Amino acid sequence: MSSITGTTTGTTTVITNIASLVTNDPSLGDGSPLGLIQDAAVVIEGDRIAWTGDSRKAPATDNRVDAGGRAVIPGFVDSHSHLVFAGDRTQEFNARMSGRGYTAGGIRTTVAATRAASDEDLERNLTHYLHEALRQGTTTFETKSGYGLTVEDEARALRIAAAHTDEVTYLGAHIVSPDYADDPAAYVALVTGEMLDACAPYARWVDVFCEKGAFDGDQARAILTAGKAKGLHPRVHANQLSYGPGVQLAVELDAASADHCTHLTDADVEALANGRTVATLLPGAEFSTRAEWPDARRLLDAGVTVALSTDCNPGSSFTSSVPFCIALAVRDMGMTPDEAVWSATAGGAAALRRTDIGRLTVGARADLALLDAPSHVHLAYRPGVPLVTGVWRRGVREL
């Protein structure tokens, strides 16, 4: 049991009569990685968690919420999304589902639409999907540029994103800009030079799509190294469509995460197990492209830290639903329900190198979701059902 410490800094609220509370602290409750507490309560003070424990022992507070025998989990941490975009790729999806294979080329369609959109249109689209994600329990999200591919368009994408999250990623290296199709080296020079200078003030992270048809290992290294020199920390789109150098490069450069990780050698798995880089798995992409599933079981058994995220984007994974991705991971990627929920909360926090989110322990940010179910297992057990019935973010109830 945890208890209130320090002086009161804000209004206190207790959520009581919780059937099952996921804390993600193995020192609490049942001692599992989820730190499950049965018949639990949690106290929110200001924007932080102030107490967790047995519902019968909860301290007096200003306000009381009865969970009605439902489960409470940390808010989902969606550590990989592409939400600053315009346009629609319904026809591409329809064609792919009719037998055409997926390649990275479809990104160019979104680039054209995004360049043509106004700032107001881009922000309106972004906030629409943020609200959609919030209704499904997401309280922290990362999002990227990558659909502008000019200095001005990349910088404005990041400026718009930075107004809504601290987890902003510069992805000028999504694909080689169509404007530089005949001179990729010149585009890499732009991404590592003038574009980086314009974008770095708005971003925390630098990312690159290290893949055939996008950027090779040498180009990716140059881009990530330049970003690090500007104070941005690396993340990598790695090994999604084929075997390649992305995962090894991510670990070598101490990237916070290697994202996708679908095609891995034993050496790739060993590198991830021996480094700090989180393997972020994005099952929505495999679902939407009918591609091979990542082998989460192989990674977990090797001791790799795994995160689950939506990869929400208009081309290859147009879902904002972390619960949907949890169900896919359990059904098709070899994860247990406990592992999938941990990876979508604490795992996502690890992929963002954050310790204040993804858990419900004293001092953590009061980001949590109330499920219309007695257990977190229902997220996989009842796929497609809107189970999130309440959301608190920074201590404020928003749903």
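Trainee: Which residue is the bridge partner of Val72 in β15?

Mentor: Leu370 is the bridge partner of Val72 there. Bear in mind that we're looking at a predicted model.

Trainee: How do β4 and β15 run, and how many bridges join them?

Mentor: They run antiparallel, with four bridges between β4 and β15, the latter covering residues 368–371.

Trainee: And what about β1 and β4, parallel or antiparallel?

Mentor: That pair is parallel, and seven bridges hold the pairing between β1 and β4, where β4 is residues 63–74.

Trainee: Which way does β2 run against β1?

Mentor: Antiparallel, again with seven bridges, and β2 spans residues 37–45. Look at Ile18 for that one: Ala40 in β2 stands opposite.

Trainee: What's the strand order in the whole sheet?

Mentor: It goes β3-β2-β1-β4-β15-β16-β17, an open sheet of seven strands with mixed pairing. The edges are β3 (48–54) and β17 (396–397); each has a single partner strand, so one side of each has no neighbour in the sheet.

Trainee: Switching topic. Where does Asn313 sit?

Mentor: Asn313 is in the loop between β14 (306–308) and α12 (322–332).

Trainee: Buried or exposed, that Asn313?

Mentor: Buried: the relative accessible area of Asn313 is 4%, and the cut-off for buried is under 20%.

Trainee: What is Asn313 in contact with, leaving aside neighbours within four places in sequence?

Mentor: His82, Tyr147 and Phe318. Separately, a polar atom of the Asn313 side chain lies 2.7 Å from the backbone oxygen of Asp311.

Trainee: OK, confidence. What's the mean pLDDT of the protein?

Mentor: The mean is 95, and 96% of the residues reach 70 or more.

Trainee: Where is confidence lowest and where is it highest?

Mentor: Helix α1 (residues 90–96) is lowest, at a mean of 87, and strand β5 (residues 76–78) is highest, at 99. Then there's the stretch over residues 1–8, with pLDDT below 50.

Trainee: How many contacts does that stretch have in the model, beyond near neighbours in sequence?

Mentor: Residues 1–8 have 20 such contacts in the model.

Terms used: Residues numbered from 1 in each chain as written. Predicted model: local features only at pLDDT ≥ 70, side-chain atom pairs only at ≥ 80, totals over all residues. Heavy atoms only, no water. Pairing = 2+ DSSP bridges. Helix = DSSP H or I, 4+ residues; strand = E, 2+ residues; numbered from the N terminus. Buried < 20%, exposed > 50% of the residue type's maximum accessible area, 1.4 Å probe, protein only. Polar contact = N/O pair within 3.5 Å; in protein donor to acceptor, adjacent residues only side chain to side chain. Contact = heavy atoms within 4.5 Å. pLDDT = per-residue confidence, 0-100.
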